[in-house]
Amino acid sequence: MLADFFILMKAELVITLLIFTLLFLKIGNKEWRNESLLNIINLLLFINLLSGFFIAKEGTLFGDMFRTNELLRFEKNMLNLGILIISLQSYHWLKQHKHVPEFYMLLLSTLLGMFFMISANNILMFYLALELSTIPLAALCNFDLHKKIASEAAFKMSISSAFSSGLLLFGISLLYGTTGSLNFAEISSQLNGSPLQLFSFILLLSGFTFKISAVPFHLWTADVYEGSPVAVTSYLSVISKAAILFVLVSVLYNVFQPLGSNWYNMLFVLSVLTMIIGNLFALRQQNMKRFLAFSSIAQVGFILIGITGQSAEGSASVIYFVLVYLFSNLGAFGVVALVSSLAGKENIDDYKGFYTHNKLLSWVLAISLFSLAGIPPTAGFFGKFFLLLAGAAKGNYILITIAALNMVISLYYYLRIIKAMFMDENKNPVEKINAGLQPKLALAICMIGIIVTGLISGAYNYIYSLVK
Amino acid sequence: MNLSLLVILPILNALLLLPFKEAKQVRLITLAGAVVQFILCFFLLYLFWQEKTTGNTSLMLFENNYKWYAPLNINFHTGVDGISVSMILLTAFVVLAGILVSWKQEKLSKEFFFLLLFLSAGAYGFFISIDLFTLFFFLELAVIPKFLLIGIWGSGKKEYSAMKLALMLMGGSALVFVGLAGIYFNTNINGAHSFDMLQIAQSNISEDIQKLFFPFAFIGFGIFTALFPFHTWVPDGHSSAPTAASMFLAGISMKLGGYGCLRVATWLMPDAAHHYSTIIIILACIAILYGAFATMMQTDLKYINAYSSISHCGFVLLGIGMLTQTAITGAVMQMVSHGLMTALFFAAIGMIYDRTHTRQVAQLSGLLKVMPFISAVFVIAGLCSLGLPGLSGFVAEMTVFMGSWQNADSFYRIATIIACASIVVTAVYILRATGQVIMGPITNNDYKSLKDAAWNEKLAAVILITGIVAIGVAPFWLNDLLRPATDIIMQKISAITK
């Protein structure tokens, strides 16, 4: 029994262990140099990632509250990889920061929350995990302690999450009222589409869409992304979105399957709105982080199309796309983080003539953006193709046509950056950036990911075999 | 022969460039790779010939089918028929000539040749694909290198043109995607959906479905081949691009669209092709006439060739829309012919521009006296464009007209006559431009010291002229190559028209 406990909760326990290790490092007597501390932490995160691949078992714990299986393990490994990449990328920023252990403690706490959320098999458990993952995030947003804009971001973040939690809780309580249970499986069996249930479902879905910043619940995103440190922004836009999307897919597919025809229409409207509005706002942005924020909103619109597929292909394409998106977006954020921390520049205009001194970094950013835009041979092409294909399986070709045309709009703003880097003239372009080992390593992982996960079908086929 | 080699070789060649720094080494490696590829393509032709003469009648030769995304039934399925082989040869000709013409490329030469090779890999991959997914993959693969080639190395309003081209072509592929998804979900082969063209061609998609998705596929591919009214990227894109990229754009890239219209839209959805043939013909006629008249008003040599490309590609669409075997054969011939001719034309314009630094017809004159070789190339390209017998343009256009006339209906006859009439307009603008640029006295004294073509430019021109003359003098080999392939397309079409 105890052995079961350790094996099933391995991922969560390792993270908890890491948090406590960091705590002891912090309160210990020894003064650590930031560089060595960061290297140790990165090594620990790497071990944490490796540990995810060994010794696995399926099962449930705590009276069906917590479950794990191979798919969930794979999703957690993805998040672990993402955390490692982000940590490597923010090396330069953290090197000068006074509170490195605190940063990682908060970061890992939210990760822990996400792990529990993914594994939740009970709606109350889910809610608890969600809160665990959100509250430290608000603190993280404010981690550039001297910047006013960061406090503003943190404030907006906490207010909007509190609001969305409120919606969620209201939905949960109504759902409990109509189904009489908190357990996912029992809720599912009690669903019959009564108006009250639909109402509670809409509240729940609103809570979810708040977190993944789908339109019309996207307004907090841009300000928070712009104000937060780049590391936190990339965490918000990739890891936290990925975790919520995993849960959203599994909840919609497994729990709310009886209401399938209802949420199909809701997601249809949401995805069209999200794609179009995300794209239109992204067109006009001048700040790189805001730009990536709106582009990530548009990406969510595409992901919602995959979810509307309501099939194994649908959930496989969503999880696969999240994997691709992780590599692509973190690749882009990696370059932005370097330019921001080493050259102090964050505007798109600053990227004009970027290619003159930073050839390799320009290509890295270009390939990441191509992947986000869905251009072959990057993995983004495959991801988008499969999402739209999964959506088209329902026979809703209007949705697919809108999405395909939106890909063209999105290409425009991605090419704007490419144009700035490669084509525009600039009298004083960004000087040569000396990236250092850790960020280079992170970017290399992203590039390999972008090329390999697409051209080699292993990743998709593995995910498909898991969801089937 | 494993056809994947045709894609792998240019990509390996491109990757091989990465460690080298000097422009000299880079271009030598690129050229070596392109020559090997060129020989490989002829070897493919030889093998293909051999198979056909020994009586191999299968639809596609040298088939290879690798599993790719098994759960979605997506395979890396390659194979060639006569049409693909002729397009592959065209690609080999144009790429080799393009590399030779850009021999003096100084600015960022490594990136330039890298992108050029990448682009060619996309084209080769497109022509060998049987699986619609791989076809689409390679179609999109070829868009972004064009954007970068025009935007970085181009001239004039290059950023605008590059963006316009990229967005319009991506818009085209977005429509193609919807068409492909429609085809995919409406095929049922042993209970599974399929992207495999050979399987789709055998299963019959219902007529209503075809009518719904044919416009997506046809317009999508049509944007690539300057289908009116989606031709607006052509003049800007071609005229802003550097010489090699213009050659590639007009020579190969526009053919991706024509090939797709024929192979995907018409072959897989013949009922709809029949249903919409009137509209296709009307649009093609507009493109032919509009292109020709618009060319007359142009003063820039590159714009002249770009607008005349719209007119010439109209013949491709006209041939496809006519749906007779001769017309379709003519359409493919026109693709090959126009590819070679327009590449030669752009090469000549590039050579003139490199020396005189102007492309304005009014500022040029009497070049024959100082640059006899380049002028001769210019004249040959011009004559091929206006359809002089003995050059490929005549053969191709003649075949299209013959095929079009086979339709007895008066609508088709009138369309054919309109299309024929455009040749007169072509003669006007070609002869006028040639007369002004090549003939007459030298008005600008700076031109007197200009040098004639260097060895690389001569070689590039000779390669392309060889192709043009080979088709013009002995069209039967191309006809024999295409006939079995068009037979198969016709089988599906004639089943409806009867």
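Me: Where does Pro216(A) lie?
Reply: Pro216(A) is in the loop between helix H10 (195–211) and helix H11 (219–227) of chain A; helices (H or I, at least four residues) and strands (E, at least two) are DSSP runs, numbered from the N terminus. The peptide bond that leads from Val215(A) to Pro216(A) is cis, with omega near 5°.

Me: Before I go on, what kind of model is this?
Reply: This is a predicted model, in which local features need pLDDT of at least 70 and side-chain atom pairs count only at pLDDT 80 or more, while totals for chains, interfaces and linings use all residues. Residues are numbered from 1 along each chain as its sequence is written, and chains are lettered from A and ligands numbered from 1 in the order in which they are written.

Me: Back to the prolines: what about the bond from Pro376(A) to Pro377(A)?
Reply: That peptide bond is cis, with omega near 5°, and Pro377(A) sits in the loop between helix H16 (359–373) and helix H17 (379–392) of chain A.

Me: How many helices and strands does chain A have?
Reply: Chain A has 20 helices and two strands. Its radius of gyration is 21 Å, close to the 23 Å that the globule rule gives for 468 residues, so chain A is as compact as a globular protein of that length; the radius is taken over C-alpha atoms, and the rule is 2.2 Å times the number of residues to the power 0.38.

Me: How much of chain A is buried?
Reply: Buried residues make up 58% of the 468 residues in chain A, where a residue is buried if 20 or more other C-beta atoms, placed from the backbone, lie within 10 Å of its own, exposed if 12 or fewer, and partly exposed in between.

Me: Is H12(A) mostly covered or exposed, and where does it bend?
Reply: H12(A) is mostly covered, with 24 of its 26 residues buried, and it bends by about 35° at Leu236(A), the bend being the angle between axes fitted to the seven residues ending there and the seven starting there.

Me: Now Trp263(A): buried or exposed?
Reply: Trp263(A), which lies in helix H13 (residues 260–283) of chain A, is buried because 20 other C-beta atoms lie within 10 Å. Leaving aside neighbours within four places in sequence, Trp263(A) is in contact with Leu205(A), Leu252(A) and Phe256(A), contact meaning that the C-beta atoms of two residues, placed from the backbone, lie within 7 Å. The C-alpha atoms of Trp263(A) and Leu205(A) are separated by 8.9 Å, although the two are 58 residues apart along the chain.

Me: Switching to chain B, where is Asn56(B) placed?
Reply: Asn56(B) is in the loop between helix H2 (23–53) and E1 of chain B, and it counts as exposed because 11 other C-beta atoms lie within 10 Å.

Me: And what is Phe62(B) like, as it is not a glycine?
Reply: Phe62(B) has a positive phi of about 50° although it is not a glycine. Phe62(B) belongs to strand E1 of chain B and is partly exposed, with 17 C-beta neighbours inside 10 Å.

Me: How many residues does each chain bring to the contact?
Reply: The contact takes 25 residues from chain B and 27 residues from chain A. On the side of chain B that touches chain A, the largest share, 12 residues, comes from H7(B).
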